Structure formats: structure tokens, C-alpha cells
Amino acid sequence: MRPEQWQQLEAYMQDRMRDSAHDRQHVYRVLNNALEIARDEENVNLDVLLAAAILHDVGRADELVDPAADHAVTGGERAYQLLRQMGYEEAFAAHVRQCIRTHRFRRADPPASIEAKILFDADKLDVCGAIGIARTLMYAGSHGRPLYTQDENGMLRDGAQDTEDTFLREYRTKLEGMYGRFLTRRGAELAARRQAAARGFCTALLSEVEDNADTACAMLKQLVNGS
């Protein structure tokens, strides 16, 4: 890939990043992850991987306008159109589009090519460990979602029982179980290194919230009932 081509892709990405949890630094981390994973694989088309990694979230701005939009689909199409306008062959642009279409965690169509698998793992690495916790909190806060909820008896829900979107629910239903879902050996290794940080944070959060609630409930009962 020529320097001027890379600069055009990079400039387009930077212009499209408007989500604090999916900003340009997220894109660069995914790019770095992808290059690290690619070192462990054979027959990787690095130009396809570079284009897919730098453009993988350009559809995020579409979701901000229309929450029903799928950023993987719209982003893949935007990347395809851009690459064709830049003079890339149809097969190359279509390959990049497919990598981006299948990078999303919740999509039914799994990544097929080695480049798509690398991109999937590189993106998922950025929701692992401390970075993943920080980004999830940023996303939850920007959408007005609480850390946790309590049941009718004031008992803390740990996320697994939540019926509304909370940080703990996102952790329990997505982040906690994703460490066994990586598609490359190197991706799985890098994810495993980060797992303890995420688990430790959530364990500490639950402990602190439970201690806070227990102490406050006892004091409130004494003050209100005079007992």
C-alpha cells in the first residue's frame, strides 16, 4: 500500500469517528492488535487487513444518526465505495467489505477469511481487560445507563438478572464470556493476559456496592425506626 493511499484511508477514518468509546484511538489499538496477531498467521493479505482495520468502525457515525443501523454493514459498504473510488479492484474492495461486515460480536455470519478472523479478534481484544472495562463504562455513561440495579427488596442485581441495560449486565452477558470465543491462537493468548484485570474490577465493584448498601440500610433502619 502506498503512503498516499494509507493517508487517504486514515483521513477518512478520522473524519468518521464521533463516538467516545469508539474513537480514533480505539481504531489504532485494533490496528496494532491486528498486526500483532498477523505475525502468528500465514498467508495474510496485509493490505486487506490494513484497510479493514483502519476502516472497521467508519459506520459508527451511521448508528448515531439511526440506532437501528448496523455499523458493520454500513461501514463495510462505505469502505467498499471508498476503495473503489480510490481505484482498488473490485475483489480487493469486496474482501475488505466482508471483513468489516463480520467483525461485529453479535452478527450471525462469522468471519470466514484469515483477515476477517484477525480483525474480529483484534477488535474483541479492545473490550478485554482494563481497556474493555473503561470503554464499556464510557459507552454506558454516554447512553445514560446505570452501573447496576437493585430488586424490590433492595438487593443488588449482579448483572445476570438485570432486565434493563446496565454496565454489570453488559459485563455478565458479553464481556465475561468472550475470552473463549477468539478465532486465532495469538488473539486468545493476548485476551487471556487481560482477563484477570476485568474480573478483578467487577469483583471489587460488587463488593464495594454490597458493603455500601448493607451499612446504609442498617443505619437508615435505625434512624427511621428509632431502634
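Which residue does the side chain of K124 meet in a salt bridge? I will come to that in a moment, after a word on what we are looking at. This is a predicted model, in which local features need pLDDT of at least 70 and side-chain atom pairs count only at pLDDT 80 or more, while totals for chains, interfaces and linings use all residues. Residues are numbered from 1 along each chain as its sequence is written, and side-chain values use heavy atoms, with hydrogens and water left out.

Now to the opening question: the side chain of K124 meets that of D123 in a salt bridge, at 2.8 Å from N to O. By salt bridge I mean a side-chain nitrogen of Lys or Arg within 4 Å of a carboxyl oxygen of Asp or Glu. K124 counts as buried, at 3% relative accessibility, and D123 counts as buried too, at 11%; here buried means under 20% relative accessible area, exposed means over 50%, and partly exposed is in between, with a 1.4 Å probe and protein chains only.

By the salt-bridge rule, the count for this model comes to 19. One of the pairs is D40 with R185, whose closest N and O atoms are 2.6 Å apart. This pair links distant parts of the chain, since D40 sits in the loop between α2 (24–38) and α3 (46–55), whereas R185 belongs to helix α10 (residues 185–225), 145 residues apart.

Another salt bridge joins the side chains of D70 and R104, at 3.3 Å from N to O. D70 lies in the loop between α4 (60–65) and α5 (71–85), and R104 in the loop between α6 and α7, so the pair ties together parts that are 34 residues apart in sequence. D70 is buried, with a relative accessible area of 17%, while R104 counts as partly exposed, at 26%.

The contact, meaning heavy atoms within 4.5 Å, is made by D47, V48, A51, A52 and L55 of α3 and by F92, H95, V96, C99 and I100 of α6.

What does α6 meet in α7? Helix α6 (residues 90–101) packs with helix α7 (residues 114–125) at an angle of about 35°, with axes 9 Å apart, and H95, C99 and I100 in α6 meet E115, A116 and L119 in α7. H95, C99 and I100 of α6 are also among the residues in the contact with α3.

Finally, a residue in helix α4, namely D62, which is buried, with a relative accessible area of 15%. Leaving aside neighbours within four places in sequence, D62 is in contact with R16, A69, T74 and R78.

Methods. Axes are lines fitted to C-alpha atoms, for helices over the stretch in contact, and angles run from 0 to 180 degrees between N-to-C directions. Helices (H or I, at least four residues) and strands (E, at least two) are DSSP runs, numbered from the N terminus.
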